[in-house]
Amino acid sequence: GTKPVSALNVDHSGARLISGSVDYDVKLWDFAGMSSSLQSFRTIRPCESHPILDLHYSITGDAILIISGTAQAKVVDRDGYEKAECVKGDQYITDMARTKGHIASLVGGCWHPRDKQEFLTCSQDGTCRIWNVEDVKQHKGIMKSRSQNGLRAAPTSCTYSRDGNLIACACNDGSIQMWDHRKMFVNTSVLIRNAHQSGTETSSIVFAYDGRNVATRGGDSTLKLWDIRQPKSPVHSAGDLFSRFSMTNCAFSPNDRLLFTGTSFQKGESGGKVVFLDRTTFERVHEIDVPKAHVVRALWHPKLNQIIVGAGDGNIHLYYDAAKSHNGAKLCLGKPKRIRPHEMMSTVRVITPHALPMFREDKPRSTRRAMEKARKDPLLSKQPDLPIGNKGSGGRVATSGSTLSSYIVRNLGIASRIEDEGNPREAILRHASAAAANPYWVSPAYSKTQPKPIWAPENNDGDEEPDAKKGKLN
């Protein structure tokens, strides 16, 4: 895509990769089915116009948890078809324990590491909720995260421990809160206040494979390692890890010896980096430069032994060792690009000038004469009406203004012929003799009662009195 890859996950067998982006699309990739062209086999948009924040495969790999900017998490099968959608809670209820679901946008989620039916979500409404995929009409359990003064603290990320007994979440007040999954979710079993700077988003929290340590990636450009048995202070801390995204994660290497995370580049730098730290000393062991792109997501799959990086420019980078890694990128890069032939049928014209008359093809004749003949035929071709000027004629009304009279003329189709005559008085007097010889309207109605007019003779000298000039009736 063209926007940052905000979510990445590979199923436990290492056969398929799923990626989500800020451009609302989720793409599914199959290593065995891809060629070196590296094209995804399916693209879906499960949450309409909401960015994809997190994606997780279930323990069996047959279901995918989709966390987006909505308040409802979705579960789809491995081919991208929807299986379940969590219910949304009532936003007018103050007590979050009495709502059936989240009422604010989600920020994170994950599957239970040993139960394929259970998954966890956290939201900006200040709760973490446990769901059963078979019944998503109401949450199975709820945990409320509280700040030091007892107010609501919004979680920014959440996770299960490796054995599934602990549920941990990082909050926007800088705290880390954990609950025992086997007990009631009333009081926290592990509470770390001021783990990171208050007001920043701790973008990731992850347990080590041995279950003793927890790593947190803070929005304050730090990466810290904690011991849950002595949570008062971090075991190690590393700074100068700038990140522009609230989805930047951290993870442990498969052998539990390294801890790695991604960084974003600032002004003057060439690109982001994947930084690897030694777990015991927290020294920078290695760095992978990603040119001209921020590193948003990074994961190290234990079976493939390959590192997959989601960058801020919409690309996914795969890093592997040809000798130490297995399958994954090695399966598809070894296959050549498949060029699909164009499905098009074309007939080849064979010209045989010396063939027998019965097999000889007729020469293509010119259509010029047929077109000229059709032009003269009024039925086959008709010349369109030419545009009229300022005068209408033949029942066609010319363009006119917006007055009432022009509207009547335009809608009734009355073509005025008075303008064509030039002089309107002569046009009217032309019908005077015909009207006098053969009256039709007014004169026949008064023919029996109309008196005969007698006019006084006209005096040309002008000596007659003014009253004599007027007509007098007998």
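## The second largest pocket

Strand S2 contributes the most to the lining of the second largest pocket, namely four residues. The model is predicted: local features need pLDDT of at least 70 and side-chain atom pairs count only at pLDDT 80 or more, while totals for chains, interfaces and linings use all residues. Residues are numbered from 1 along each chain as its sequence is written, and side-chain values use heavy atoms, with hydrogens and water left out.

The lining comprises 22 residues, and those nearest the centre of the pocket are Leu-17, Trp-29, Leu-38, Asn-315 and Ile-316. Two or more lining residues come from each of strand S2 (16–21), strand S3 (26–30), strand S27 (316–319) and helix H1 (329–333). Helices (H or I, at least four residues) and strands (E, at least two) are DSSP runs, numbered from the N terminus. By residue class, the lining holds 12 nonpolar, six polar and four charged residues; Ala, Val, Leu, Ile, Met, Phe, Trp, Tyr, Cys and Pro count as nonpolar, Asp, Glu, Lys and Arg as charged, and the others, Gly among them, as polar.

The space in this pocket is about 380 Å³. On a 1 Å grid over the protein atoms alone, a pocket is an open set of points where a 1.4 Å probe fits, with protein on both sides within 12 Å along at least five of seven lines; lining residues have an atom within 4 Å of a point. Grid points are joined across faces, edges and corners, and a volume is the space filled by probe spheres set on the points.

## Aromatic side chains

The structure contains four aromatic pairs. Rings of Phe, Tyr and Trp (its six-membered ring) pair if their centres lie within 6.5 Å; planes under 30 degrees apart count as stacked, over 60 as edge-to-face and the rest as tilted. One of the pairs joins Trp-111 and Phe-119 edge-to-face, at 5.4 Å centre to centre and 65° between the planes. Both Trp-111 and Phe-119 are buried (under 20% relative accessible area; exposed is over 50% and partly exposed in between, with a 1.4 Å probe and protein chains only).

Phe-276 and Trp-300 also pair edge-to-face, because their ring centres are 6.0 Å apart and their planes stand at 90°. Since Phe-276 belongs to strand S23 (residues 271–278) and Trp-300 to strand S25 (residues 295–301), this pair ties together parts 24 residues apart in sequence. Phe-276 and Trp-300 are both buried, and together with Phe-260 they form one aromatic cluster. Elsewhere, Arg-162 lies over the face of Tyr-209, 4.1 Å from the ring centre; the criterion is NZ of Lys or CZ of Arg within 6 Å of the ring centre and within 35 degrees of the ring normal.

## Overall fold

The chain has six helices and 27 strands. Of its 474 residues, 40% count as buried. Among contacts (heavy atoms within 4.5 Å) with a separation of 6 or more, 43% involve residues 24 or more positions apart.

## Two loop residues with positive phi

Phe-282 sits in the loop between S23 and strand S24 (284–291). Its phi is near 60°, a positive value in a residue other than glycine. Phe-282 counts as buried because its relative accessibility is 10%. Beyond its neighbours within four places in sequence, Phe-282 contacts Leu-223, Lys-224, Leu-225, His-236, Ser-237, Ala-238, Leu-259 and Leu-277. The C-alpha atoms of Phe-282 and His-236 are 6.5 Å apart, although 46 residues separate the two along the chain.

Ser-221 lies in the loop between strand S18 (213–217) and strand S19 (223–227). Phi of Ser-221 is positive, near 65°, in a residue other than glycine. Ser-221 has a relative accessible area of 19% and is therefore buried.
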